[in-house]
Structures are given as structure tokens and as C-alpha cells.
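I will jot down what I look up as I go, in plain words.

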Amino acid sequence: MPASPATRWDIFCNVVDHFGDIGVSWRLARQLREEHGMAVTLYVDDLESFRRLCPAVDADAPTQSVEDITVHRWVEAMRFERPADVVIDAFGSRAPPAYLEAMSKRPTRPVWINLEYLSAEDWVEDCHRVPSPHPRLPLTRFFFFPGFTAGTGGLLEERHLAQQRLSFLGSAEARATAWSCWECEPPSGERTQISLFGYGGPSVPTLLRAWADGSEPIRLLVPESRVLDDVARFAGQSALRAGDRASFGALDIAVLPFRTQADYDQLLWLCDCNFVRGEDSFVRAQWAEHPFVWNIYPQTGGAHWAKLHAFIHRYGEGMDADAMVAVREFWRLWNRGETSSATLGQAWRRFWLLREDLQAHNAGWAAKLRTLGNLTANLVRFAVERL
Ligand code: TRH
């Protein structure tokens, strides 16, 4: 049920830290524009983070058009245009009071959505699409939750992503081009290719030690990010940067530049195993279908553990019991900051022994997730019903 192309969407994105807030907001904005023909404006308070994953962004421009999306640097004292038909507060962002006042004065009130963080916990279904009236203004904001079940908004996935992945993997030329864009030699011999993106912590050098001492040749590909500090510590260096290479026993390390989201997708498709984090890379690893390891965003008071276990529980449905134990154990140690190389190394070997089972399970898991429809299409349907 496509909305009129004139439908205007404003997305407010306050970058709390890292890249997930803007990563998801940007993906959503592009999909709304490209696949649904919406007129999209993105308000972002940190253009520098945005520029990292989309180099076309000018971090100094107060207003610009990027891929046919209007991007405003969101600063406190700013004048807003007429409020849009649909307004999205992304991940705890709050459209400013002056904008809300203007929304409340529109003859047709905008559809106002609070796009929430991703979680596999049961309570999400109870809160999805729930209205929350503004305490003072005649406005209602609706909670919209991404998720892994039919009672949620689903996950972001571009319409042609699955097909693009298959074409990419079927083309030796496309794969070779991607390796060279990452400034890497294409894989040779039997080396396992692993990508590493995470928050860092003691389990990083611990696992690298286990890999270095192991018998399986591994090439570890690390895009420039926070985890690099721990990789550098393991390598005995004060810092590492894109282009650096190091070898320790069975382990070769290649530090990669941080590239666009589309390039990062290709890296996930190319690697045999992907260590991911947060929200967006975690979802992209699921579309990549290779075995993956999730470094969950750590929350104060340890609230993330319930989230981690809720996901493992859902993802593990239909999984072979041994594989389920191996995933739970290895992910738990990885997130806990395990410092025993013997313990973490053993958990890794158990996990990696089951890689073929995990790969097969992941194909079924991705297919199951696709049946939920994607988050953007679900959001459009929700908004159109209320316009
Ligand atoms: O950066 P993150 O840690 O973001 C987090 C999460 O969203 C978390 O839930 C939230 O609470 C916190 O931010 C504030 O991890 P995430 O979500 O995986 O986002 C990383 C983005 O970076 C993702 O869109 C992929 C992108 N990326 C690139 O575009 N190029 C790259 O080379 C790499 C490594 C990542």
C-alpha cells in the first residue's frame, strides 16, 4: 500500500555514541526514499560520525542533500520547516519542543513514532505500536519496535539485499574487486577469514592468543574501530591503523579502513565468520548467514544479559542442541571478557567445529526473519493507515 510520493518524513537522530543510531537512521532514510518514494529529511546532531559510514556527507554543512535525502545538522537553536507528515524520533531522540508545538498546530496531525532499540525480549510485543499521549499537546506518539517476531516491526533489510548477496558471491570478479577495495589480498589456501567489529575488552587479546597458538590458519580482518586498541595491545604496539599487518603463529591480522555500509556488507558476505556488535552490524551479520558472534552493547546494571539470552533463545529455536550450547557458551565468554585463553580457545573450537550446522541454521533463520516483512515497509504501512 504505497503512500503518495509527496508524503514527507522527518527523522530525528541524536547520536548517543558509536555508529548504530546514525547507521540505522540512515539505512531507514534511504529505504524510505529509494523503495517507497518518500521525501525524507534527516536531522543529525553528529555529522562527523555520519561521514564515517557515508563519505558523501560534508561534516561542516548545516544543510545538504545526500542521495536525494535532505540532511540538516541538528543544533539546539535551529529553525524548522513545516513539520512533516510522519515524524520519527530514532532511538531515544526527541523532536524539539518548538517542532512539537508546530506539529500540534497542523490541521492534520503528523504520525509521530518513537522508533525503539532492537530486542528479542518477550515484552517488546506488548509495547509495539502502543500509543503514548503527549502530556500537554494534542499529540500521540506511537512506540515502534524492531524485532524478531510477527508481533514486532521486523528488521531493516533492503528489497534487493538477498539477491545482491547471491550475485556477489556468485561472481569471482565482484569478490576480487571487494577484496581490493578493502585493500586486502583475496584469500589463498585454507585460511579462515574472520571479520572483527566489537567494543573491545579482555576477551579480545585472550582469543587472539588462542588463535595464534592454534593449528588453524586464520586471517583476522579488523576495520578501524574501538576494538583496535585491544588488538594493538595483543600485538605489542601502541596503536594500529588501516593498512597495518601483523602475524603471530597461526594468526594473521589485517587492519582495514572503516568503509561505507554497503562495503561492510560485502565484507560480512566474504568472511567465514563475523564478530559484530550493537544493533545494525548484528542484523547485517544475520543477513550474511555465516556463523556470527554478537558483542552486545553493554548497559549499566547488566541489563544487556537478559537481551543477549533472549536473542540466543529465539535464534536457537530449531538449532541442534550441541550447536545451541556452543553458541551460548562462546557468546557468553566473549561478552563477559574472558581472560583464560584455554577456556575461550576451547569454547571457540567447539563453536567453530559446528560451523556447517550454524551456516545451515542461519540460512533458515534469515528466511524466517524475512517472513516478518521489513521494518521500513512495516513502518510505512503503519503510518499510511493513520495519515
Ligand atoms: O556502533 P554501534 O556500537 O552502535 C550502537 C548500537 O546501535 C547500540 O544498540 C546503541 O545503543 C549504541 O550504538 C548507541 O554498533 P552497530 O549498531 O553495529 O553500528 C555500526 C554501524 O557502522 C553499522 O551501521 C555498520 C557500520 N559500519 C560501516 O558502515 N563501515 C564499517 O567499516 C564498519 C565496521 C561498520
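**Ground rules**

I am working with a predicted model, where local features need pLDDT of at least 70 and side-chain atom pairs count only at pLDDT 80 or more, while totals for chains, interfaces and linings use all residues. Residues are numbered from 1 along each chain as its sequence is written, and side-chain values use heavy atoms, with hydrogens and water left out.

**Aromatic rings**

I started with the rings of Phe, Tyr and Trp (its six-membered ring), which pair if their centres lie within 6.5 Å; planes under 30 degrees apart count as stacked, over 60 as edge-to-face and the rest as tilted. By this rule I found 41 aromatic pairs. I looked up one of them, Trp211 with Phe275, and noted an edge-to-face pair, 5.7 Å centre to centre with 90° between the planes. This pair links distant parts of the chain, 64 residues apart: Trp211 is in helix H7 (residues 203-213) and Phe275 is in strand S13 (residues 273-277).

Are Trp211 and Phe275 buried or exposed? Both are buried; that means under 20% relative accessible area, whereas exposed means over 50% and partly exposed is in between (1.4 Å probe, protein chains only).

Next I turned to Trp348 and Phe351. Their ring centres are 5.8 Å apart and their planes lie at 35°, so I wrote this pair down as tilted. Both residues lie in helix H13 (residues 341-353), 3 residues apart, which is about one turn of the helix. Trp348 is buried because its relative accessible area is 4%, and Phe351 is buried because its relative accessibility is 1%.

I also noted one aromatic cluster, formed by Phe148, Phe282, Phe292, Trp294, Phe311, Tyr315, Trp331 and Trp365.

**A charge over two rings**

A charge sits over a ring if NZ of Lys or CZ of Arg is within 6 Å of the ring centre and within 35 degrees of the ring normal. I checked Arg386: its charged end sits over the ring of Phe382, 3.7 Å from the centre. The charged end of Arg386 also sits over the ring of Phe142, 5.3 Å from the centre.

**Helices side by side**

Two packed helices are described by the angle between their axes and the distance between the axes. Axes are lines fitted to C-alpha atoms, for helices over the stretch in contact, and angles run from 0 to 180 degrees between N-to-C directions.

How do helix H5 (residues 161-169) and helix H9 (residues 261-270) pack, and at what angle? I read an angle of about 60°, with the axes 11 Å apart. H5 and H9 are therefore oblique to each other; under 35 degrees counts as roughly parallel, over 145 as roughly antiparallel, 65 to 115 as roughly perpendicular and the rest as oblique. H5 passes H9 in a right-handed crossing. A crossing is left-handed if the near helix is turned anticlockwise from the far one by less than a right angle, and right-handed if clockwise. Residues making the contact (heavy atoms within 4.5 Å) include Phe168 of H5 and Trp269 of H9.

I then compared notes on helix H6 (residues 172-181) and H9, which pack at about 115° with axes 10 Å apart. Their crossing is left-handed. Among the residues in this contact are Trp179 of H6 and Leu270 of H9.

H12 passes H13 in a left-handed crossing. Trp331 of H12 and both Trp348 and Phe351 of H13 are among the contact residues.

**Single residues**

I found Ala383 in helix H15 (residues 375-386). Ala383 counts as buried because its relative accessible area is 0%. Leaving aside neighbours within four places in sequence, Ala383 is in contact with Trp9, Val86 and Val111.

Glu76 is in the loop between strand S4 (69-73) and strand S5 (86-90). Glu76 counts as exposed because its relative accessibility is 83%.

Most residues other than glycine have a negative phi. I noted His18 with a positive phi near 60°, in the loop between strand S1 (8-13) and helix H1 (20-36). Asp68 has a positive phi of about 65° and lies in the loop between strand S3 (63-66) and S4.

Terms used: Helix = DSSP H or I, 4+ residues; strand = E, 2+ residues; numbered from the N terminus.
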